Amino acid sequence: MSRLISPVLMLAVFACAPAEAPAPPAPETTGGSAAGDLGPPQGEPIHAVLTHAPEVPPPTGRSAPAKVIVELEVEEKVMPISEGVDYTFWTFGGEVPGSFIRIRQGDTVEFHLQNHPDSKMPHNIDLHAVTGPGGGAASSFTAPGHESQFTFKALNEGLYVYHCATAPVGMHIANGMYGLILVEPPEGLPPVDREYYVMQGDFYTVGKYREKGLQPFDMQKAIEENATYVLFNGSEGALVGDNAITAEVGETVRLYVGNGGPNLVSSFHVIGEIFDKVYYEGGTRFQENVQTTLIPAGGAAMVEFYVEAPGTYILVDHSIFRAFNKGALGMMKVEGDDALDIYSGKEVDSVYLADKVEPSAPIGEATAAAAKGALTKAQQVEAGGILFKGTCSTCHQDSGAGVKGVFPPLAGSDYLMADKARAIGVVINGLNGPVTVNGEEYNSVMPPMSQLNDDEVANILTYVRNSWGNEGDAVSAEEVAKVRATSERPAGAAH
């Protein structure tokens, strides 16, 4: 039998029920691709201005969509990946990363992809800014000596990666085939004083980090995601020394930062700066006051900051072994008046950054001479002095004096000079526990430097054994290899 509920009881029930929370306001939106068709192109076709990293094309400065013609050539070419180390890069536009492309939302892009006649492989291009299957890849498959053409409308604003998508896709990307395309909003981006193009990539060579000569691609390392190098703009020297990007105190800097991958996520950081804005994942929204931002493989970000103090600021992947042991390090040199109320301190610490501060010709010259069988002790000493700063001078000091009671001296060291093979073994395998040098006991830890190549160990020791009053013969790479081959290490240790 049904029961009737009185109106009074019904009112009481509803009065006790919690009130529904108001619906959250709908997020603001740019409309995405649905709002990106801004009509047909107006005016005469425009040829896109393309730039090599770290340069960025000027803003489009247009108030209406246009037909933009982009011409990009694929080249396979041997270029330096590090001092004395060459690699066969596959490139868009002859450089790694590929040329920066800048267009406007609503533009119609007529894309021409040319594959140089000297290429050995077919290539194509997948632009993440394209709305359509494959991002243009199927439409742009191009054999050596041929050209392909396709057209797309840029419906979404943002910063997008492009890359080759020819099988094996990972190999093409790992060889440097990636770049950035910026699709400006219709009103343009807010003006800044400086804009730069920085793109990270991970590389896989048969030889170990900084092993000299022409290094081939290692497919197994790539599959295992065991990168030999992690680099900004395609080489260790791309953004340091004379190649550093620049700014002045009081300027706002915008970095267009991409990550070509193919495998690793970037933890992008500028030492000594805080990002005022980060347009994360290359989208339209920004986060503020960011120290380090994640950039996925195949992704991008725009970071902006105002520069208050002069000096050299270091760009790194803050997965920090990549910066100091795989090459993901760059520089921004800022000039202007000191701002002592904001920061007071010394300039870049050459010991801290070591041989990464200035890529040096003597290392390459020593490598070339060794390949010809004409390496001299003087060349080893010069190259070894540069490498010493990157591996030994923090503890042993530039003077070789060490730190009294902590780190033994190398200058005038009886321990060092008494036994060449022992000295090699100490560098490769490290030293733990008490040791007597010049009659004084030191009890500290020297980590193994087994990540160094044989020629690097030889050059460093030749420098040490012929500096600060030491007089010794040269150390050869063959002698280092012999000691290394007879050294026992625990499983997993570097070799």
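Trainee: Why does Thr367 count as buried?

Mentor: Its relative accessibility is 15%. Buried means under 20% relative accessible area, partly exposed is in between, and exposed is over 50% (1.4 Å probe, protein chains only). So Thr367 counts as buried. A word on the source: this is a predicted model, where local features need pLDDT of at least 70, side-chain atom pairs count only at pLDDT 80 or more, and totals for chains, interfaces and linings use all residues. Residues are numbered from 1 along each chain as its sequence is written, and side-chain values use heavy atoms, with hydrogens and water left out.

Trainee: Where does Thr367 lie, and what does Thr367 touch?

Mentor: Thr367 lies in helix α6. Helices are DSSP runs (H or I, at least four residues), numbered from the N terminus. Not counting residues up to four places away in sequence, Thr367 touches Gly84 and Lys212. Contact means heavy atoms within 4.5 Å.

Trainee: What makes α6 oblique to α7?

Mentor: The axes of α6 (residues 361–371) and α7 (residues 377–391) come within 8 Å and cross at roughly 140°. Axes are lines fitted to C-alpha atoms, for helices over the stretch in contact, and angles run from 0 to 180 degrees between N-to-C directions. Angles under 35 degrees count as roughly parallel, over 145 as roughly antiparallel, 65 to 115 as roughly perpendicular, and the rest as oblique. That makes α6 oblique to α7.

Trainee: Which residues of α6 make the contact?

Mentor: Pro362, Ile363, Glu365, Ala366 and Ala369. On α7, the contact residues include Ile386 and Leu387.

Trainee: Which residues of α12 are buried, and why are they said to line one face?

Mentor: In α12 (residues 477–485), the buried residues are Val480, Val483 and Arg484. Seen down the axis of α12, they fall within an arc of 100°, so they line one face of the helix. The arc is that of the directions from the helix axis to the C-beta atoms.

Trainee: What do the buried residues of α12 pack against, and what is on the other side?

Mentor: They pack against α10 (420–429) and α11 (454–464). On the other side of α12, Glu478, Lys482 and Ala485 are exposed.

Key:
Helix = DSSP H or I, 4+ residues; strand = E, 2+ residues; numbered from the N terminus.
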